[in-house]
Amino acid sequence: MNYNNFFKEKIKTLKADGNFRIFADLKRKVGKFPKADMYKDDGSIVEVISWCANDYMGMGQNSVVLQAMHKALDECGGGAGGTRNISGTNHYHIELEKLVATWYKRESALTFTSGYTANLAALSSFAKVFQDIVIISDEKNHNSMIEGIKAGRSEKTIFKHNNMEDLERVLKSYPLDKPKLIAFESVYSMDGDIAPIKEICDLADKYQAMTYIDEVHAVGMYGETGSGICERDNVRDRLTIIQGTFAKGVGLVGGFIAGDSEVVECVRSFGNAFIFSTSMPPIIASGCIASVTYLMDHKELRTAHQKQAQKLKDEFKKIGVELLPSVSHIVPVMIRDPFLARKLADELMARNGHYVQPINYPTVAKGEERLRFAPTPLHTDEMIEKLVHDYKLIWDDIC
Ligand SMILES: *Cc1c(COP(=O)(O)O)cnc(C)c1O
């Protein structure tokens, strides 16, 4: 058998369907955010503006954060040195977990090497505590939640996205005394819509279910101190587990959960993706502490973030593009064709140095291909106006 032909065929299909992924080769430049150097195939380097970074607040280059990382590098060296259980718990991890618990006003918190790992470890742990649990999952949940649920091998039911009638229908179909967990996100990052968290918690109370929220696209960005939508909506104490990342609004890498001590202890004890993997480097934990502390104290960054997102939405509306009705900082411009999405992105880059990644299947459903813009507080009004101006010229040219 010629195994290699199978790989070749798969790649050919991806390319034919417009779903072959091409990574932009970038070098981010401290002090120039959101600009970066792009290394092109012909060996040349051009400066581009990134419109699709998940470093939503520019914290990955914040000088306070970088100082904290330099300090920890000089103190502790490069890696963590082990898993959390075997020599890899650094004092910075403990400090960070205390800070996250305080931030979320919850008893306890646990950190992970990524938000993905946090979902994988935490969601799979529930099945080890409750053998007959059913996990009730929003149909638009992120892949890391789906994989976490799968890894637990428990029963699973899907409810229609943010649809409370459908959620109630599912909850009602189980006996009151059967263990249940509702798993959902706050900000859905591809559409920019937000879950009705209070309503979900009310239904959870009514049908005696636990709740698990992924706040990944809200951490650092919503609420008085920036912990997320649960803070904004004043429901932080109602969730069984709040999960988040340090990789997006916080600007670095790593994930976390926060909740009651007993629940967090169980994830610490049963979450294989947590137990069997080396912990995050102390440099990162130290940087996360500085970044979270900074975000807690700088509400004006969140105000500026929302203002620039609204500005971009308004500018796009003026030229009549199809925007999804996002109620968050995410600006999804619908193209509905993978080749056209790729073409528009390529032209924006080639002509004007605007970098935006086309979002294609399987990240979104076929026919829902889009350009997803995420302006930050560091994208100026002039940058936004120029982007939309350039976009219109390209659109008129190729469509
Ligand atoms: C990015 C993302 C994750 C994974 O977080 P990482 O820290 O990047 O691993 C989890 N959930 C959602 C909704 C995400 O968008």
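1. R336 sits in the loop between β11 (331-334) and α13 (338-352). Helices here are DSSP runs of H or I with at least four residues, strands are E runs of at least two, and both are numbered from the N terminus. R336 has a positive phi of about 65 degrees, although it is not a glycine. With a relative accessible area of 38%, R336 counts as partly exposed. The classes are: buried under 20% relative accessible area, exposed over 50%, partly exposed in between (1.4 Å probe, protein chains only).

2. A word on the basis. This is a predicted model, in which local features need pLDDT of at least 70 and side-chain atom pairs count only at pLDDT 80 or more, while totals for chains, interfaces and linings use all residues. Residues are numbered from 1 along each chain as its sequence is written, and side-chain values use heavy atoms, with hydrogens and water left out.

3. N234 also has a positive phi, about 60 degrees, and is not a glycine. N234 is in the loop between α8 and β9. Its relative accessible area is 67%, so N234 is exposed.

4. Two cis peptide bonds deserve a look. One joins F33 and P34, with omega about 5 degrees. P34 belongs to the loop between β1 (26-28) and β2 (35-39). Another runs from Y361 to P362, with omega near 5 degrees. P362 is in the loop between β13 (358-359) and β14 (370-373).

5. Now the ligand. It is surrounded by 14 residues, and the closest are G115, D214, H217, T245 and K248. A residue counts as near if one of its heavy atoms lies within 4 Å of the molecule. By class, the shell holds three nonpolar, eight polar and three charged residues. Nonpolar means Ala, Val, Leu, Ile, Met, Phe, Trp, Tyr, Cys and Pro; charged means Asp, Glu, Lys and Arg; the others, Gly among them, are polar. Helix α4 (residues 115-129) gives the most to this shell, with three residues.

6. D214 has a side-chain N or O atom 2.7 Å from a nitrogen atom of the ligand. H217 places a polar side-chain atom 2.5 Å from an oxygen atom of the ligand. For K248, a side-chain N or O atom is 2.9 Å from a ligand oxygen atom. Taken alone, the ligand exposes 380 Å², and the protein buries 86% of that. Accessible areas come from the Shrake-Rupley method with a 1.4 Å probe; for residues, only the protein chains shown count as cover.

7. Salt bridges next. Side chains of opposite charge can pair when their charged atoms come close. The criterion is a side-chain nitrogen of Lys or Arg within 4 Å of a carboxyl oxygen of Asp or Glu. The whole structure has 32 of these salt bridges. One pairs D260 with R106, the closest N and O atoms being 3.3 Å apart. This pair links distant parts of the chain, 154 residues apart: D260 is in the loop between β10 (255-259) and α9 (261-270), and R106 in the loop between α3 (91-103) and β4 (108-112). D260 is partly exposed at 34% relative accessible area, whereas R106 is buried at 10%.

8. R238 bridges to D205, with the closest N and O atoms 2.8 Å apart. R238 is in the loop between α8 (229-232) and β9 (241-245) and D205 is in helix α7 (residues 197-206), so the pair ties together parts 33 residues apart in sequence. R238 is partly exposed at 28%; D205 is exposed at 52%.

9. R232 and D233 form a salt bridge, and their closest N and O atoms are 2.9 Å apart. R232 is partly exposed at 43% relative accessibility, and D233 is partly exposed at 28%. Elsewhere, salt bridges that share partners join K29, K32, D37 and E47 into one network.

10. Finally, the surface. M1, Y3, F6 and F7 make a nonpolar patch of about 580 Å². Patches are made of residues with over 30% relative accessible area and no salt bridge; like charges are joined within 9 Å, nonpolar side chains (Val, Leu, Ile, Met, Phe, Trp, Tyr) within 5 Å. F6 is in helix α1 (residues 3-16). F6 is exposed, with a relative accessible area of 53%.

Definitions and conventions: A polar contact is a pair of N or O atoms within 3.5 Å; within protein, one must be able to donate a hydrogen and the other to accept it, and residues adjacent in sequence count only if both atoms are side-chain atoms.
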